[in-house]
Amino acid sequence: MDDVSDIPASTPPDSLRSIGLTKIGEGRFKATNARGGETFMGTGGEDPDFTPVELLLAAIAGCSAIDVDLITRKRAVSTTFELTSEGHKVRDEQGNHVTGLRLSFDVQFPEGPEGDAAREALPRAIAQSRDRLCSVSRTVQLGADVTYEQR
């Protein structure tokens, strides 16, 4: 899809997501969402800001974590919920990109029937997030055109 006119007519009117990005210093930027939330990114120097690649990894992890938690907490609240998101930033004949993306879940539940039900649901919840639910990782998996324009 190269421009807005290529968006299917069936797309819900509330489907648009956007952020604003403002330069706040040398190699540092502030992203602001429509609700007023802010996060910061930079080049990975001395400042603590996330790099854009780290934000991508965090977005994939966060999206899948939300999916998995929503599914499993119907059975039991986790006692541990940790996730590692990783990938290799490479430069090759295709240019710069991230490869070998991997999520590793460490989710524990309390003992008892509710915890047993959550443990049983966990593999399916992870698979559903990977295969259908997580819009961030699905976009990476499926690929999407990105249109660049100058205003």
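## What covers helix H2

The buried residues of helix H2 (113-133) are covered by elements that include H1, S5 and H3, where helices (H or I, at least four residues) and strands (E, at least two) are DSSP runs numbered from the N terminus, and where contact means heavy atoms within 4.5 Å. This is a predicted model, in which local features need pLDDT of at least 70 and side-chain atom pairs count only at pLDDT 80 or more, while totals for chains, interfaces and linings use all residues. Residues are numbered from 1 along each chain as its sequence is written, and side-chain values use heavy atoms, with hydrogens and water left out.

Which residues of H2 are buried? They are Gly115, Ala118, Ala121, Leu122, Ala125 and Ser129, buried being under 20% relative accessible area, exposed over 50% and partly exposed in between, with a 1.4 Å probe and protein chains only. At Leu122 the helix H2 bends by about 35 degrees, and the proline Pro123 follows within four residues; the bend at a residue is the angle between axes fitted to the seven residues ending there and the seven starting there.

## The largest nonpolar core

Eight residues form the largest nonpolar core, namely Val68, Ile71, Ala76, Val107, Phe109, Ala118, Leu122 and Ala125. A core of this kind is a set of buried Ala, Val, Leu, Ile, Met, Phe, Trp, Tyr and Cys residues joined through side-chain atoms within 4.5 Å. H1 and H2 are the elements that give two or more residues to this core, and H2 gives the most, with three residues. Ile71, when its neighbours within four places in sequence are left aside, is in contact with Ala125, Gln128 and Leu133.

## The chain as a whole

The protein chain has three helices and five strands, and along the sequence these follow the pattern β-β-β-α-β-β-α-α. Its C-alpha trace spans about 60 × 45 × 40 Å along the principal axes. Of the 151 residues in the chain, 19% count as buried, and among the contacts with a separation of 6 or more, 42% are made by residues 24 or more positions apart.

## The largest pocket

Rolling a probe the size of a water molecule over the atoms shows where empty space is left. On a 1 Å grid over the protein atoms alone, a pocket is an open set of points where a 1.4 Å probe fits, with protein on both sides within 12 Å along at least five of seven lines, and lining residues have an atom within 4 Å of a point. Grid points are joined across faces, edges and corners, and a volume is the space filled by probe spheres set on the points.

The largest pocket has a volume of about 2,300 Å³. Of the 44 residues that line this pocket, Arg17, Ser18, Ile19, Thr139 and Val146 are the closest to its centre. Strand S1 (19-25), strand S2 (28-33), strand S3 (38-42), helix H1 (52-72) and helix H3 (135-142) are the elements that give two or more residues to its lining, and H1 gives the most, with five residues. The lining has 23 nonpolar, 14 polar and seven charged residues, where Ala, Val, Leu, Ile, Met, Phe, Trp, Tyr, Cys and Pro count as nonpolar, Asp, Glu, Lys and Arg as charged, and the others, Gly among them, as polar.

## The second largest pocket

The second largest pocket holds about 270 Å³ of space, and of the 15 residues that line it, the closest to its centre are Ile60, Leu103, Arg130, Ser137 and Gln141. At least two residues of this lining come from each of H1, strand S4 (80-92), strand S5 (95-108), H2 and H3, with S5 giving the most, four residues. By class, the lining of the second largest pocket divides into seven nonpolar, five polar and three charged residues.

Thr139 and Ile60 are 79 residues apart in sequence and 9.9 Å apart in space, C-alpha to C-alpha.

Ala31 lies in strand S2 and counts as buried, since its relative accessibility is 9%. Leaving out residues up to four places away in sequence, Ala31 touches Ile19, Gly20, Leu21, Gly37, Glu38, Thr39 and Met41.
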